[in-house]
Protein chains: 2
Amino acid sequence: MSIPVPPVPAFPPAPYTLTSVKGLRAAGVRAGIKASGNPDVALLVSDAPMTCAGLFTKNHFAAAPVLLSRRHLEASKGLVRAVVINSGNANACTGTQGEADALEMCQRVATALGCPLEQVLVCSTGVIGVKLPMEKVRAGIDAAVKELSADVEAGRRFLSAIMTTDAFPKEHGVRLGDATMAGVCKGAGMIQPDMATMLAFVATDVDVSAEAMRTAMGRIASTSFNAVHVDTHPSTNDTFLLLTTRQVPAPADWEQHLEPVARRLAWLIARDGEGATKVTTIRVTGASSDDAAKAVARHVATSALVRTALFGNDPNWGRFVSQVGNVHDVRSPQKLVCRLQGIEVFRAGEPTPFDRAAASKAMAREDVSLELLLDEGRGHALLMTSDLGYRYVQVNAEYTT
Amino acid sequence: MSIPVPPVPAFPPAPYTLTSVKGLRAAGVRAGIKASGNPDVALLVSDAPMTCAGLFTKNHFAAAPVLLSRRHLEASKGLVRAVVINSGNANACTGTQGEADALEMCQRVATALGCPLEQVLVCSTGVIGVKLPMEKVRAGIDAAVKELSADVEAGRRFLSAIMTTDAFPKEHGVRLGDATMAGVCKGAGMIQPDMATMLAFVATDVDVSAEAMRTAMGRIASTSFNAVHVDTHPSTNDTFLLLTTRQVPAPADWEQHLEPVARRLAWLIARDGEGATKVTTIRVTGASSDDAAKAVARHVATSALVRTALFGNDPNWGRFVSQVGNVHDVRSPQKLVCRLQGIEVFRAGEPTPFDRAAASKAMAREDVSLELLLDEGRGHALLMTSDLGYRYVQVNAEYTT
C-alpha cells in the first residue's frame, strides 16, 4: 500500500494583507539563513508607534527573542515601531549568545529607524539549538530596511520570509468601511526536524486603546491561536502579535470583524498540519465550566485514535465519546450527546442508530464538525484540530541525521 | 512508498502461566461471540477463596462488568472464587440491559461453583455499544466450567480466550522457591474499531493478607499497567486483578519478584501497540515531586512528534527537551539533562555534541531508553510508550462502516 500524499491545498490570495493596513510598511528579503535560499528576514514597520498586544508561548524553554519581546512590550507599554523576524533558525536553546543576538537584531532596527530600543520586537522561527549566523542576519536587516514598502507585494514578501515548512502561505484580510483587518501567520505543527514554530501577526488601523487591544487579544486568541491543535506540542517560539496603527475611527463592532481574521489564520495552521487532509472543529457546550469544556475538547483532539478516525472518515463515535469519560472535570457524561457533521450518533449512554456510510461520506470534507453536548452547566469551548495520517508519520519520522 | 509493516514479534512461551500457580484452574472456550470463531469465554477458578486486589479504569463511561466487579470486590472484602471473562464484546455503553447481563454472568458461575455471588468477578473486552449475545455467553460459561483444569494448556486456552486484536499472546511467570508468580494480559492500544481494552490478571500462591495485596497492587501498578502508554486513550473496561491463593509461605521479597511479572506484561502491551516497532522506557528523575515527574513523562510520551521520532530512530532531542518545557510543575528545565540510549544529547540549556548516526543506530532496538534528569527534587517516574508509525495510522484509519 502506497502512502496517499494529500494534495497541497490551494487557497486564493486574500484580498488584503498586512500592508493593506493604513500606516504599515513591510519587507521580506533573502539573507541566506535558510539553506534553500528562500526569503528569511522580514520587517514590519509603522511610522508612528503602533499599539500592540502580545501573546507568547508558555513553554519554559521560551527562546531568546520571546523573552526579549516580552520585556520590550512591557517597557514600551505596548507601543511598537517595528517587528523584525528571521526564519530558518529559532534562536532557541542557544544560551547567552542567543540573548545577545536577539538584542542586536532589535538594536540594529532601532538605530535604522531612530526609535527607542524597546519599541522594536523580534521573532525567530526555525531550527532549535543552532546559533544565529549574525553576519547574514545583519545584512538581511539592512536590506529589509531599504526595501520597506506599503505595496501589497511587499506584504507578500514579508509573509514568504516568515515561512518555514509551511505547505502554503497563510493570510487573510477584510475591510470594514475605511478600516482594514488583516493578518498573516506561519506554522504547521511543531514541525520537523526540530523547528519552533507558530508566528502570527494580525494588524488593523482602527483607533482603539492599548487596553482595548489587550482585552480583545485574550478573547480573539481563545477562538483562534489558542484553539488550534496539531500535535500536543507547544513550541519554544510561539508568538501572536495584535497591532493597530490607530489611523481610522474604530467602528463599534471592530472586534467582531477582527476575530474571524485570526480564526481563519488558525484554521489554516490546522489545515496545513503536516499532511493533514481536513480541519475538525470540536465544539463543546453544557460543561460545568469553560475550563471543563476546554479539557473535553483537548482530550478528544489529542487522542491519536480520534485523529486517525478523522483521517479515515470513520464515524467511530466510541472513540469520541469514551474520551469524554476520561476528563476529570466532567461529572455525568451519561447525558452526553455527540453529533458528527450534524448527525447525532450517541445520546445518554446509548448509540443513536444512524447511516454509517452516509456519515462517513459527510466526513470526507475539508471542514468537519464534531459537537459534544453535555448537560452540566454553561461552559463551552472550541478547538480546531488536524487529522493524523500517513503523511504526518512520514514527515516526522525522517532522520535529522 | 509502501507502508513498512513491522514483523509480528515472536516471544517464546513463558515457563509459567496462571495455572502454574498452586490452587488455580482455568478454561478458555469458543462460545461464538467473536465472528472469527476464536476462543472468547475464559474462566479462572480457585477452590478456596483467593485474596484479590483490583484496579479499574477511571473512565466515567466504565462498562457494566467494571462497575459490578468493583462492587463485588467491596462486598466480598477482597475474597474471590472466580473471574469470568468474555472477549469480542465489551458490554460498554449498553445501558440497563448491559448491567443485567454482567450480573447474570456472575450468577451463572456462582451457581455452578456453589459460592456467594459477590465472590465472582466479571470482565468483558471487545466492541463497544453492542448488547451481549447472552445465549452464546451462557453456553460458553457452562462449557468453561466443565473444562476447568490446572494444566498449563488450560492456562494457555484461558489466555487465548481473553485476546482481541492482540498480535501475540502476552504472558510471563517466575518461580521463587515453592512460590509461583505468573500473569497474562491483553491489549494493544484502545484498539480498532471501537474496542475496550486492557485486561491483566497476575496471580501468585504466596500467603499474604488482603491488606498486603492492596498495598503491593498500588506500587506494582505504578511501574507496570499505570506506566504504559499507547494512544492517550484510557478505555471503558481496563481492569487489573492481582490474586493470591495463599497456599505457599510468602518469601520476604515476594513483591520484588511479582513486580517484574507485571512490568513485563505491561511492556508487552506497549510492544504490541498497533504497529509499534519498539518500546521506549522514559525515566524522569530529580523532579519536584513524583506527580511532576509523571507529568513530564506523560507530556513526552503523548507527543506525536516524539513518538514519530522514536519510530524513525531520530535522535531529535529538540522534541524531547522542548516538551519538558511545557509541563506546568517543572520549575527550571534549564538544568535539564537528556540521555537517549545512555548518550547525553542535551545539558543545561544547550545541546551536547554527539554522534547522530551512532545515536540513531542505537535507537534501532526493541527497547529504547530515554532519560530526563531534572535538578529540582527527588520526584521520579517511569513510563513505557510505543512509537507511532505508518501501521498505527493504517490500523486506526480503517472504516468501521
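**Figure 1. Burial and overall form of chain A.** Of the 401 residues in chain A, 60% count as buried (20 or more other C-beta atoms within 10 Å of a residue's own, the C-beta atoms being placed from the backbone; a residue is exposed with 12 or fewer and partly exposed in between). The model is predicted: local features need pLDDT of at least 70 and side-chain atom pairs count only at pLDDT 80 or more, while totals for chains, interfaces and linings use all residues. Residues are numbered from 1 along each chain as its sequence is written, and chains are lettered from A and ligands numbered from 1 in the order in which they are written. Chain A contains eleven helices and 16 strands (DSSP runs numbered from the N terminus: H or I of at least four residues for helices, E of at least two for strands). Along the principal axes, the C-alpha atoms of chain A fill a box of roughly 70 × 55 × 40 Å.

**Figure 2. The loop at A:Asn313.** In chain A, A:Asn313 sits in the loop between α8 (304-311) and α9 (317-324). Its phi is near 50 degrees, a positive value in a residue other than glycine. A:Asn313 is buried, with 21 other C-beta atoms within 10 Å.

**Figure 3. The loop at B:Lys77.** B:Lys77 belongs to the loop between α1 (64-75) and β3 (79-89) of chain B. Phi of B:Lys77, a residue other than glycine, is positive, near 55 degrees. Is B:Lys77 buried or exposed? B:Lys77 is exposed, with 11 other C-beta atoms within 10 Å.

**Figure 4. Packing of helices α2 and α3 in chain B.** Helix α2 (residues 95-113) and helix α3 (residues 134-147) of chain B pack at an angle of about 25 degrees, their axes 10 Å apart (axes are lines fitted to C-alpha atoms, for helices over the stretch in contact; angles run from 0 to 180 degrees between N-to-C directions). That angle makes α2(B) roughly parallel to α3(B) (angles under 35 degrees; over 145 is roughly antiparallel, 65 to 115 roughly perpendicular, and the rest oblique). In the contact, residues of α2(B) including B:Asp101, B:Met105 and B:Val109 meet residues of α3(B) including B:Val137 and B:Ile141 (two residues are in contact if their C-beta atoms, placed from the backbone, lie within 7 Å).
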